[in-house]
Amino acid sequence: MIFETHAHYDDEAFEGDRERLLAGLSEQGIGKVINIAASIESAKSSLALAEKYDFVYAAVGVHPSEIDDLNEESMRWLQEQTRHPKTVAIGEIGLDYYWEKDAAAQARQRDWFLRQLDLAREAQLPVVIHSREAAEDTLRILCKVKQPGVVHCYSYSAELAKEYVKLGYYIGVGGVVTFKNAKKLKETVQQIPLERIVVETDCPYLAPEPHRGKRNDSSYLPIIVQQIAEQKGLCPKEVAQVTWDNAMRLFSRVPHTHA
């Protein structure tokens, strides 16, 4: 079985067939799914999905592009949700300078990132990190805070990945690893230990080849596992098992069952 560590099944892209798709995942070899919030609204819908499906768990948090959602009241609400039995992480949180070039707005992102890292530390929950065109600031903050977690949809160099691994972070690998132009991510997969990789789709986004450009879902995870196996010179079954064990270790609130 494969552990899907980053999905957005509450997204409107799944409005037409969400129930059918989720109900069929176990037949596709997908054993557990973490539905990741990006806003207060999606934190609510992620928890609702987790309550409905035994194998679905939730991460609650606010993406750097959605920080207008955050104030003292919403932070109190997030803190309350850390006690929900199906909340297993804080995320996705982090920095995104791709969309935000203004220095003052970037400073606000850093402030709310730190606040949510503090929330994770208080709740003893791992973090799901979003970092885009903000490599230096993300690493600097995580060197200081060192809350366990995963750098999701990893897009930086293999050298930087090794720095995250030294800090104890996992690297989230998704469909991009199958793209012909994904040289940096392939190098990262080759150079870091398999014991520090978790697999994800980020669905409905970033479908792997040969489905690139279409709606993504967790049934494509075996393609990602196969590509990691090729990069590592291993069999896909071993990659699926080790990445399952990694995810269970990281998301320790998820009940243990055999893959």
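This is a predicted model: local features need pLDDT of at least 70, side-chain atom pairs count only at pLDDT 80 or more; totals for chains, interfaces and linings use all residues.
**View 1. A closer look at Ile228 and its contacts.** Skip the neighbours within four places in sequence, and Ile228 is still in contact with Val173, Val189, Leu194, Ile197, Val199 and Val239.

**View 2. Helix H7 packing against helix H8.** Here H7 (residues 183-191) meets H8 (residues 221-232) at an angle of about 65°, and the axes are 8 Å apart. The crossing is right-handed. On the H7 side, the contact is made by Lys186, Val189, Gln190 and Gln191, while H8 brings Gln227, Ile228, Gln231 and Lys232. Sort these contact residues by type and you get two nonpolar, four polar and two charged.

**View 3. A cluster of tyrosines joined by ring pairs.** The whole structure has eight aromatic pairs. Tyr154 and Tyr156 make one that is edge-to-face, at 5.9 Å centre to centre with 90° between the planes. Tyr154 also pairs with Tyr164: the centres are 6.4 Å apart and the planes sit at 85°, so this pair is edge-to-face. Tyr154 is in the loop between strand S6 (149-151) and helix H6 (158-166), and Tyr164 is in helix H6, ten residues apart. Tyr154 is buried, with a relative accessible area of 4%, and Tyr164 is buried at 0%. Ring pairs tie Tyr154, Tyr156, Tyr164 and Tyr169 into the cluster.

How values were computed: Residues are numbered from 1 along each chain as its sequence is written. Side-chain values use heavy atoms; hydrogens and water are left out. Axes are lines fitted to C-alpha atoms, for helices over the stretch in contact, and angles run from 0 to 180 degrees between N-to-C directions. Helices (H or I, at least four residues) and strands (E, at least two) are DSSP runs, numbered from the N terminus. A crossing is left-handed if the near helix is turned anticlockwise from the far one by less than a right angle, and right-handed if clockwise. Contact means heavy atoms within 4.5 Å. Ala, Val, Leu, Ile, Met, Phe, Trp, Tyr, Cys and Pro count as nonpolar, Asp, Glu, Lys and Arg as charged, and the others, Gly among them, as polar. Rings of Phe, Tyr and Trp (its six-membered ring) pair if their centres lie within 6.5 Å; planes under 30 degrees apart count as stacked, over 60 as edge-to-face and the rest as tilted. Buried means under 20% relative accessible area, exposed over 50%, partly exposed in between (1.4 Å probe, protein chains only).
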